[in-house]
Each structure stands twice: as structure tokens, then as C-alpha cells.
Amino acid sequence: MPKELSPGILYVSEEFRTAAHLCACGCGSKVRTPLGPTAWSLEASKAGPTLRPSVGNWQKPCRSHYWITQGNVIWAEDWTPEQIAAGRQQEETRREAYYRQLYRSGLFHRVTRWVRSLFR
């Protein structure tokens, strides 16, 4: 990622599975979104990138909330503190379910053994 980000550009690092951009409201805050099965997803098309789920900058003074869809910013409603807490809880529940399923499938054990073998 470059040190300085330009407005209106979504920067993507496939190697580090992350995206970054300046907040769509114009406040200048850097927004980083990890990409992966338990985080944001990115779809590229000729019309432009689509980032899901929405971006909620609840920890920033601007509290911007928006979607990036086919290269366009679509503004969403502001959330109450209760909605933010519920959304964060849903994200945590989704992450736990994902990793619990990996653990059950045995994939987690195979990957763990493989990683450990690299350091022997």
C-alpha cells in the first residue's frame, strides 16, 4: 500500500489480502478492510470494484457508513450504538462458526500440521 492514498481509489493488496481507501466522506481518514472468508469480500468488474459488507467508520469522528458497489459509493443510514454492537456481535458469531466448521472438517488440523512441519 502506498503511504499516501488518493481520494476515490480503492487500493488492493492480493498478497496481504487487504484493501484500503480514504473515507468516502472526504474527512481524509484511512480505511483498511481485511479481505477473506470472515471479513470483506471484493469483486472486480469492468464497472468497478464491489466491496461487501458495508463500510461503517464507527470509530472515526465522521461515522460514515456506505457501500462500495461497482466503483460507486452508496450512502447508508447511520447506526445507533445498539445497532453497531449487534453488528459486531453478528460478525463475531459468523467468524466463530466459520472456524468451528474448519476445525470439524479436519482442514484446520491438516494446515496446522503442515505449518508446524515447515519449522522442524
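Select the hairpin of β1 and β2 to begin: four residues lie between its two strands, and R17 takes a positive phi near 50 degrees there. What you have open is a predicted model, in which local features need pLDDT of at least 70 and side-chain atom pairs count only at pLDDT 80 or more, while totals for chains, interfaces and linings use all residues. Residues are numbered from 1 along each chain as its sequence is written, and side-chain values use heavy atoms, with hydrogens and water left out.

Next, show β1 (residues 11-13) beside β2, where the strands run antiparallel and are joined by three bridges; two strands are said to pair if DSSP finds at least two bridges between them. Within this pair, V12 stands opposite A19 of β2.

Now select β2 itself, residues 18-22, where five of the five residues are buried, so the strand is largely enclosed by the rest of the structure. Buried here means under 20% relative accessible area, exposed means over 50%, and partly exposed is in between, using a 1.4 Å probe and protein chains only. If you display the side chains, T18, A20 and L22 point one way from β2, whereas A19 and H21 point the other way.

Move on to helix α1, residues 81-105, and select R94 within the helix. R94 is partly exposed, with a relative accessible area of 48%. Select A39 as well: R94 and A39 are 55 residues apart along the chain, and their C-alpha atoms are separated by 9.6 Å.

Finally, show the whole chain, which has two helices and seven strands and whose elements run β-β-β-β-β-β-β-α-α from the N terminus on. The radius of gyration of the chain is 17 Å, well over the 14 Å that the globule rule gives for 120 residues, so the chain is more spread out than a compact globule. That radius is taken over C-alpha atoms, and the rule is 2.2 Å times the number of residues to the power 0.38. Along the principal axes, the C-alpha atoms fill a box of roughly 50 × 35 × 25 Å, and buried residues make up 28% of the 120 residues in the chain.
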